[in-house]
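The following note sets out numbered points on the model shown below.

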Amino acid sequence: MNRIYIDENISPHLASGLHILERPNGDAFEVLSIESVFGRGALDEYWLPRIGQENGVVITQDLNIHRTRRQRELFEEHHVGVFFLSPPSKTGYQYWEMVEQIIKRWRKIKKLSKGNRPFAYRCTQRSTDFERL
C-alpha cells in the first residue's frame, strides 16, 4: 500500500476526497490527512517516524520544512518523500486553488511516490513539472 499524507496546512477534506476518488483505481494508493491520523498540531518529531515506517510521502505547502535544517534532517533520517506545493503568496493557496494544483499533478505525484526515499520535489503555481530539491 502506498500512503500519501496531506499536511495539516491543506484541508483534510481534500485528503478524504482524493482517497475516495483513488479507491476505484485499485492501484494500492491510500490518501490520508496528517491532521486526521495524528491530530491537529502534532509535532513533526511524532508523525515523521511513523510515516517513514510506512514508506509514506507527504504533500505540503510548507517549504520551511526543507529550509529548516532539523526538519529536513528528520525527513531524510526517516526516509520520507515530500512534495512541496509552493504557494503564490505567504497566505497559501485558497481551497479550490489547492484542489486544482494537486489534481493536475496527481498522476506525477503517484509516479514519483513509487521512487526511492527520501526525496523532495517542489512545484510552483506556474510550473508544469516538479523540480527535485
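**Note on the predicted model**

1. The chain contains six helices and six strands, where helices (H or I, at least four residues) and strands (E, at least two) are DSSP runs numbered from the N terminus. In sequence order these elements form the pattern β-α-β-α-α-β-α-α-β-α-β-β. The chain is as compact as a globular protein of 133 residues, because its radius of gyration of 14 Å is close to the 14 Å given by the globule rule; the radius is taken over C-alpha atoms, and the rule is 2.2 Å times the number of residues to the power 0.38.

2. Two remarks on the basis of the values are in order. The model is predicted, so local features need pLDDT of at least 70 and side-chain atom pairs count only at pLDDT 80 or more, whereas totals for chains, interfaces and linings use all residues. Residues are numbered from 1 along each chain as its sequence is written, and side-chain values use heavy atoms, with hydrogens and water left out.

3. The C-alpha trace spans about 35 × 35 × 30 Å along its principal axes. Of the 133 residues, 45% are buried (under 20% relative accessible area; exposed means over 50%, partly exposed in between; 1.4 Å probe, protein chains only). Among contacts with a separation of 6 or more, 67% join residues 24 or more positions apart; a contact means heavy atoms within 4.5 Å.

4. The chain has 20 positive and 17 negative charges, whose mean positions are 5 Å apart. Lys and Arg count as positive and Asp and Glu as negative, without His and the chain ends; the charges are placed at NZ of Lys, CZ of Arg, CG of Asp or CD of Glu.

5. The largest nonpolar core has 23 residues, a nonpolar core being a set of buried Ala, Val, Leu, Ile, Met, Phe, Trp, Tyr and Cys residues joined through side-chain atoms within 4.5 Å. Ile59, Phe83, Leu85, Ile102, Trp106 and Phe130 have the most contacts inside this core. The elements giving two or more residues to the core include strand 1 (2-6), helix 1 (12-22), strand 4 (81-86) and helix 6 (95-113). Helix 6 gives the most, with six residues. Apart from this core lies another of 17 residues, among them Trp47, Ile65, Val82 and Phe84.

6. Trp106, in helix 6, is buried at 9% relative accessibility. Beyond its neighbours within four places in sequence, Trp106 contacts Ile4, Leu18, Glu22, Val31 and Ile59. Trp106 and Leu18 are 88 residues apart along the chain, with their C-alpha atoms separated by 9.4 Å.

7. Is Glu22 buried or exposed? Glu22, which lies in helix 1, is buried, with a relative accessible area of 4%. Not counting residues up to four places away in sequence, Glu22 touches Asp27, Phe29, Trp106 and Lys110.

8. Met98 belongs to helix 6 and is buried, with a relative accessible area of 4%. Residues up to four places away aside, Met98 touches Ile10, Leu14, Gln61, Leu85 and Tyr93. The C-alpha atoms of Met98 and Pro87 are separated by 8.8 Å.
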